[in-house]
Amino acid sequence: MNKLLGIGVAATMMMAVGGTANAFECKVTEASMDKPGGFPERALTMVVPYGPAGGSGQVAAAMAEGVTGLTGVAINRDHKPGGSGTVGMTAYMTSPADGYNVLEHIDDASSAHALDSSRPNPAVDLIPLVVSQVTFSQIYIRTNETRYDDWNSFVAWVKAQGGKATIANVSKEGSMERVTMKFITDATGMEIQQISFDKGAPRYGALLGGQVDALFEQPGDVRKFLDADNFKPILTIFDERPSVFADVPTHREMGMDFDPLLRFRGFYVHKDAPADRVKWLQWAFQRGYCQDSYQAFNDSKFMNVIDSYRDTAGARELIARSIDQYRDVYKSMGMDVK
Amino acid sequence: MVENFLAGTSALFGDPFTVAIFVFGVVGGMLFGAIPGVSMLTLAAILLPFTADLEPAQGVMLFAVIYCTGTYGGAITAILFNIPGAPENAPTAFDGYPMTRKGQSGKAVGAAVLCSAIGGVASALVMMAATEPLANWAIRNIGPPEIFALVFFGLAVASSVGGRTIWKGWMSVLLGLLIATIGQDPVGGINRYNFGFTDLAAGIAFVPAILGFFAVSEIFVQAEKKATGQFDAPKVGMSFPTVLELWMHKFAVLRSILVGFFCGILPGIGATLAAFMGYGEAVRWSKNKEEFGKGKLEGVISSETANNAATGAAMIPLLALGLPGGALTAMMVAVFQMHDLEPGPLVFYNSPDLIWIVFAAMFYANLSILFIGLIETKTILYLLKIPFQFLAPLILLLATIGAYISRGLVLDVMVMFGAGILGFLLRRTGYSIPGIVLGLILGKIGEQNFAQGMQMVHYDLGTYFSRPICSILIVAGALTLAAGIYRAFSPASNSA
């Protein structure tokens, strides 16, 4: 019965997501663009600061496929994982600024700059080509959970545990997850132990197996568990209810008055790269976002539930706002903001 | 089950193109697994975009086959040249390479071929019989505290391997544990011992460290012998293990299947821990512990049985729950997703045909290890006839490429040569290279799970003992350590 219910929920979600995808309109109207001075004459290199199997690796592969399909220019992905993205960022900053090297990165680059201004500011030290995934976070519990079944009963149960309740996330120092959890615990007055899992599988397994009581995650990363009716969201950390999660209350509805931090992934090029090449890359990546293959990928990851697209100006605004938010929070947390 | 297996077999071998993909996966996995640095992951990453053009079952099956044969492939270079193709083959080198030095390369390779096949086939059979219940049991009963306890137990058991004295064995493990702490701490993300170098924030990667400690240090050792006129070229031993020899190790094989399967079923752990734990258990149960690390057949058997036993097991959390056990199974998730599928409970409901083709392919891929392995072994052993002055630069070149290629960092090449020099010096003084590698690999896994476990038990160590599996493993590890200390103070140890 549960399985059938899960399939029903999944079908409803797919229809809703499909509706979003059907309504998609590409904001880049030029279907083609002349190569400036023949650029690019050879394959581009995309530095990816994370492994090939994770969220960044997958979005890099999907965007590379989209851009190559559009332009015929091959893109070699160079994965340099480690140090929460700092290894890849450092390698990229020392690569030639000739337009042949592009970077994939996530909002960690913004939070790293907020904490330490000597780290590159993605909106200033780089030129965002496109932000192609923007998503929100949710709190999940097991669908067969009997101790609580919605946000209010969860908060009540957590408070009754006297700090013994647990939630799985990626709670590294200054991470989006830890900052958001601080917002939540401050607003609700509940005390909950955060268990940091840097890989997805053990994190999701911890909730499935009852090792933890809840999970902080983005919906695209746990879609298969939602489709299979293993997890259910009890709180959406976003200003409004996305249509796909119309039954799930937002943090504001639950009395938490803070601006949600978003998870975003995008593509960048050196700020010193030749202007005509940057212009071509902006067109290629922004139009690559519109390719059917990329849109199908974003659909499969719940990444079209809210508007995932930011052009260069929009990306700069998103990054600048995030940096300001992180910096304010870090100061209020007493962290050493440099 | 038998009916489904036969249907999967029929679908696998009923289509010539599917057969071609299967053969490609078997051969490709073995080749890429055998070349240091260029692992089965490299092949999988290259092939990933092309799987979009395959049928879903063909794409997933290809990766499953590569996983089976790639795990075995690294054993060959580990045994012949002291170059483990991947971290999960490192324990194979502990005894495999000393066997080669003693002229028993054929015996070691033959045992690796046979035991990889046995471990893989056994694992595939259990996978077919009980995927869903086993996956559910594992995630409910095994959390970070249990994984930490398992690592602690493994370290306690195998810590004395390869050292001239027990103390030197332990010192080697502690050095490995110390090296494992370089880089960001696994929970808080705080940099440690990176001395301002950004690249060191990512820590010391396993592959360059293993290449340095094993391959480069070995070349330095042999070069010194060559320079001082003491060089003794390894003899090509074509004799395979006899049936009697293999029968004498039946309990080691069974034990390693159980250990490997148990480790493989844990999400995010996989074959590396399985190989080390399989080896460690062999040491623990042996009456001649001091023979390990010096060319004992049981060491090769235990390691290779365990790492291949982990392959089928790692498919269990992937297929039943959508939880990949390692990097290659994580890539398999991408293959599923390219075809609008998600691994997890619904796969059994929506795509039973795909599941049974994959199960059948893994079974036959493990059998293929036996046949192709035995054929190639006869040829590959002749590589040992290449003179040292040609072989050594070739190995150094391959190792350098292997160290660089995985992350594209010059740091990794420096780490490899640094580890080579350190290994060369430590070996001269009787410290244990396997011990350092053991500490490095298990240290990273152990620290992460210890920190997560401490958060889960609210920093109350006593709570660890309220979890039955965890407390059993910790007590067993502590008893093993105590026995080791007792032996260390005995006159026999101190006189070594």
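Which residue of S7(A) is the bridge partner of A:Ala168? The points below lead up to it.

1. This is a predicted model. Chain A holds 11 helices and 10 strands. Its radius of gyration is 20 Å, close to the 20 Å that the globule rule gives for 338 residues, so chain A is as compact as a globular protein of that length.

2. The C-alpha trace of chain A spans about 65 × 50 × 30 Å along its principal axes. On burial, 54% of the 338 residues of chain A count as buried.

3. One open sheet in chain A is built from 5 strands. Their order is S7-S6-S8-S5-S9, and the pairing is mixed. The edges are strand S7 (193–196) and strand S9 (231–237) of chain A. Each has a single partner strand, so one side of each is left without a neighbour in the sheet. On average, neighbouring strands of this sheet are turned by 30° against each other, direction ignored.

4. Strand S6 of chain A covers residues 166–169. S6 and S7(A) pair in the parallel sense, over 4 bridges. This gives the reply to the opening question: the bridge partner of A:Ala168 in S7(A) is A:Ile195.

Methods. Residues numbered from 1 in each chain as written. Chains lettered and ligands numbered in written order. Predicted model: local features only at pLDDT ≥ 70, side-chain atom pairs only at ≥ 80, totals over all residues. Pairing = 2+ DSSP bridges. Helix = DSSP H or I, 4+ residues; strand = E, 2+ residues; numbered from the N terminus. Axes fitted to C-alpha atoms, helices over the stretch in contact; angles between N-to-C directions. Rg over C-alpha atoms; globule rule 2.2 N^0.38 Å. Buried ≥ 20, exposed ≤ 12 C-beta atoms within 10 Å, placed from the backbone.
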